[in-house]
Amino acid sequence: MTARIFCVRVKKQDDEHDYMEFDLVNDVFFVSIYRPKKTGDGIFVLHTKYGEYHWVNTLEGAKKLWKDYGFAALDSVNVVNLSKICRVDSDKMKVFFEDGSSTTVSQKRMGLIAHLWK
């Protein structure tokens, strides 16, 4: 099963493209929210093996739409591709990915990844 998504780069380097299409399952490590100062609205940031990209949606929408692709909310500020987790630090309540990036896990969601560290 595959899903393609189109995004814009967060921080563009001179030799990089502004826009890129991703394979949701193979390219995305996790999704977080960026909240510009003095606004309540959040902007999706997809953390991929190619860098960080923006995609407009909500975390709740991603959680529902991407569930069948192996993604799950590990706390209230992320939706994670469970197959891309390389390491779990249960003491710090974090999961890590191949590029060294990490995101948090809530206590009540640790059960979703318990099989990765037991």
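Strands β4 and β5 (residues 51–55) run antiparallel and are joined by five bridges. Two strands count as paired if DSSP finds at least two bridges between them. Strands here are DSSP runs of E with at least two residues, helices are runs of H or I with at least four, and both are numbered from the N terminus. You are looking at a predicted model, where local features need pLDDT of at least 70 and side-chain atom pairs count only at pLDDT 80 or more, while totals for chains, interfaces and linings use all residues. Residues are numbered from 1 along each chain as its sequence is written, and side-chain values use heavy atoms, with hydrogens and water left out.

Now show the sheet around that pair. It is an open sheet of seven strands with antiparallel pairing, in the order β2-β1-β5-β4-β3-β7-β6. Its edge strands, each pairing on one side only, are β2 (19–23) and β6 (71–75). On average, neighbouring strands of this sheet are turned by 35° against each other, direction ignored. Next, pick helix α2 (residues 59–66), which packs on the sheet and touches β1, β3, β4, β5, β6 and β7. Its direction makes about 30° with that of β7. Touching, or contact, means heavy atoms within 4.5 Å; axes are lines fitted to C-alpha atoms, for helices over the stretch in contact, with angles running from 0 to 180 degrees between N-to-C directions.

Back to β4: select Thr-48, which belongs to this strand (residues 43–48). Is Thr-48 buried or exposed? Thr-48 is buried, with a relative accessible area of 3%. (Buried means under 20% relative accessible area, exposed over 50%, partly exposed in between, using a 1.4 Å probe and protein chains only.) Its side chain reaches the backbone nitrogen of Tyr-50 at 2.9 Å, and a polar atom of that side chain lies 2.7 Å from the backbone oxygen of Gly-51. Leaving out residues up to four places away in sequence, Thr-48 touches Phe-22, Asp-27, Val-28, Phe-29, Tyr-53 and Asp-99.

Two of those neighbours take us to the rings. Rings of Phe, Tyr and Trp (its six-membered ring) pair if their centres lie within 6.5 Å; planes under 30 degrees apart are stacked, over 60 edge-to-face, and the rest tilted. By this rule there are six aromatic pairs. Select Phe-22 and Tyr-53: with centres 4.7 Å apart and planes at 75°, the pair is edge-to-face. Phe-22 is in strand β2 and Tyr-53 in strand β5, 31 residues apart. Both Phe-22 and Tyr-53 are buried.

Then jump to Phe-29 and Phe-97, both buried. Their aromatic pair is stacked, at 5.8 Å centre to centre with 25° between the planes. Phe-29 lies in strand β3 and Phe-97 in the loop between β9 and β10 (102–104), so the pair ties together parts that are 68 residues apart in sequence.

One last stop: Met-93, in the loop between β8 (87–89) and β9 (94–96). Met-93 has a positive phi of about 60° although it is not a glycine, and Met-93 is buried, with a relative accessible area of 19%.

Finally, zoom out: the chain has three helices and ten strands, and 42% of its 118 residues count as buried.

Definitions and conventions:
A polar contact is a pair of N or O atoms within 3.5 Å; within protein, one must be able to donate a hydrogen and the other to accept it, and residues adjacent in sequence count only if both atoms are side-chain atoms.
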